[in-house]
Amino acid sequence: MVKRFDHVTIVVEDIAGAKAFFAVLGFVEAMSVVISGEKFADYMGVPGIKAEHVTLVLENASPRTEVQLLKYLYPAPLPDAHSRDLHKLGFNHICFAVDDIEAEVAKLTACGFKTRNKIMDFHSRRLVFIEGPEGVTIELAQWV
């Protein structure tokens, strides 16, 4: 039986920009390694893989919450023309619970990151979508 959420992995070209985005939300770099070789090629199903793998951890979160970033050195990453489209099939968005949604939005926008919509109330929560790294949508939720 599943115990809990462990991590999400995002493939990025701009690893510094992705780290900066998640740093605003309180994530810190825990580890950075280059993955390559037959073991990783077999596991990932990517022949000849070579990628920078960065593990970001949300400070003081229990249970541990990770965002992992992959920057492919080989092969070149495949573009996803629909990553920003929330009506496509497959992965949609990541949501993080926050204590003060206005404060988090203010921090993000002060650092140049953009919201996709206005904060709305829905199902005992206040919600907002943020434009995340490489078009991945990040949602913030404040339970009320």
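Author: Let us start with a turn: in the hairpin of strand 6 and strand 7, which has 2 residues between the strands, His 123 takes a positive phi near 50°. This is a predicted model, in which local features need pLDDT of at least 70 and side-chain atom pairs count only at pLDDT 80 or more, while totals for chains, interfaces and linings use all residues. Residues are numbered from 1 along each chain as its sequence is written, and side-chain values use heavy atoms, with hydrogens and water left out.

Reader: What makes strand 6 and strand 7 a pair?

Author: Two strands pair if DSSP finds at least two bridges between them, and strand 6 (residues 120-122) and strand 7 (residues 125-131) have 3 bridges in the antiparallel sense, so they count as paired. Asp 121 stands opposite Arg 126 in strand 7.

Reader: How do you know that strand 7 and strand 8 pair?

Author: Strand 7 and strand 8 (residues 137-143) are antiparallel over 7 bridges, with Arg 125 opposite Trp 143 in strand 8. Their hairpin has 5 residues between the strands, and Glu 134 in the turn has a positive phi of about 55°.

Reader: Why is the protein chain called as compact as a globular protein of that length?

Author: The protein chain, with 3 helices and 8 strands, has a radius of gyration (taken over C-alpha atoms) of 16 Å, close to the 15 Å that the globule rule (2.2 Å times the number of residues to the power 0.38) gives for 144 residues, so the description holds.

Key
Helix = DSSP H or I, 4+ residues; strand = E, 2+ residues; numbered from the N terminus.
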